Amino acid sequence: MKNLSLLLFAISFGLSGQETSPTFEINKNTQVKGDEKHLYEVTLNKGELLQLHLIQKNVDIQIVAFSATHDTIKLFDSPNGKNGLEIVELPIEKSGKHTFEVSPLIPKRYKDSILQDFIKNIDGSYLVSKFKVLSPKEHKELLDLKEAQKDSVISWIKDQSILLKNVKAETGLTDLSYLKPILKNKRVVGLGETSHGTKEVFQMKHRMLEFLVKEMGFRIFAIEASHVGCKPINDYVLHGKGTSREALTAQGFWIWNTDEVLAMIEWMRNYNQSIPEHEKVKFIGIDTQMVALELAYDRVNNFVKKTKNDGLLKVKVDSLFHKLKNKPDRNDMSLQRQKLYTVLSYLIVNEIKLIHQTSKKEYQHIIADLIKIIQGVEVADRDYKNTFDFNVRDEYMAQTVLEVLQNEKPGTKMVLWAHNTHISKNTKTIVNGKVRPLGSILKEYIAEKYYAIGFATNQGSFRAMNYNVNEKRYDKNAVFTLPPAKEESLDWYFAQANKDIFFIDFVKSSPKKTITAFLNQERKAYSGGASWSLDYGILPAFDISPGKNFDGMIFIKETSHSILTPAGEKEIEKRVKNNAH
């Protein structure tokens, strides 16, 4: 083992003329505060391989490797936030003393006071859990082993993946018949997505919906969109009320206001017109953000106005809702939450009286509306969310899914459309900085009756709101390009199957250790949300453990960006004006 020496500098960094400190000890914590940089020097020979593992604790670090001539060799940074493992594997091309700089990752988009506050709050540590230098012979043996394992995994993907003919609905379902025994006893099938703006993924999910409805009796379509705001869409697909475009716009999310989703809604309406009432497919939103809550505000407000409260309700509901509609400060919404709970308490305590004045059905609808308003505010309230170590939004989305199923007849089955991170069954999957996604909660409640299908792509483009780093605002809706996936990423492995579109099941995977290790190991995969930035200079790729996150996956080799409807374009204009994504 080579000597590993540590140089600590809190203010400036130089690669020469520095005194080395005693050799760094394995398993010893090293504190990181502010923007200080730590330097390690290792003498390495050509052909060797450096293996270094650092465990982050409350600080997101990066490692930069420099050659003996002080040239930058490579930067290492896993997208795992402030906690987790940073892995460095560096093949040595030229002998000499190499330097490794360990420093906190400071986003380039931060400027001025925001930058200073960010640096001031950096206070964590890291631990070296592995430091090993393989000889040239050991390095070659490792490379040969990895190559054999790589070939084994690629062969398994080729053998186990089922070729799908295309992504378009209403083109026949024969190629999907393979899924029938896999999904036979499932109550909820989650369909993920690589981004909120990918055309072919949206189309494939439409095709999966057609298959699950026609061939497997699924009757609920649920989507990561406003529960309240999607009611007009449900009215349209069930009863033909209004128009599809008006209903789609009412749900409030630009990401779904696309030609692809509109086509699916039209298909649902046409299908429902051809079948008996009890077989019709419902369209349900399961998200609980402060988006498209106007219907709920109006219904609750009107209910309070038309019923006599005899002074028992001290909250001015119309004034409260007016403030919620007009961009309240989301850093602390405790006062609004308190007032909402006061209204809920009044409604519950006076249930008999209020039902007598209206009806039980109307009363129950008002309670449900108010609960969704409360959930939306709690999801928006930053101070409130920060008191939990799990994702409040996903908790409420899971409750909505279970509530919908509970209100249907026994055995009703649901197709669930959401992002890959939300439908993940892995409790450790991070969504918006917190663990415990929607899919993992469903797995707790309905166990094997939940089946999560993730999506992956090798290259193409996607649509998202662009965050302008210099102006510190969302300035437009942009198309982001994804080049062919990097070697050994999850997307790259799938691309080696040489199939344009395929499905692969992980539940009945090979017992071989190599395959099990592949499915359980984290690998980078393309993953974008509703926003990204042309200024970031990096691709939206995050770590995914395919077997831990999903029960199966659909791979689409090449994808393109979704197509906005005219109403979607108008929604973008409003978002840009309000600096929202």
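Helices (H or I, at least four residues) and strands (E, at least two) are DSSP runs, numbered from the N terminus, and the expected span of a helix is 1.5 Å times one less than its number of residues. The model on screen is predicted, so local features need pLDDT of at least 70 and side-chain atom pairs count only at pLDDT 80 or more, while totals for chains, interfaces and linings use all residues. Residues are numbered from 1 along each chain as its sequence is written, and side-chain values use heavy atoms, with hydrogens and water left out.

Begin by selecting helix α10, residues 334–349: its 16 residues should span 22 Å, and its end C-alpha atoms are 22 Å apart, which agrees. Then colour its buried residues (under 20% relative accessible area, with exposed over 50% and partly exposed in between, for a 1.4 Å probe and protein chains only), among them Arg 337, Leu 340 and Tyr 346. Their cover includes α8 (294–306) and α12 (360–380).

Rings of Phe, Tyr and Trp (its six-membered ring) pair if their centres lie within 6.5 Å, and planes under 30 degrees apart count as stacked, over 60 as edge-to-face and the rest as tilted. Select Trp 256 and Trp 417, whose ring centres are 5.7 Å apart with planes at 85 degrees, so the pair is edge-to-face. Trp 256 lies in the loop between α6 and α7 and Trp 417 in strand β14, so the pair ties together parts that are 161 residues apart in sequence. Both Trp 256 and Trp 417 are buried.

How values were computed
Contact means heavy atoms within 4.5 Å.
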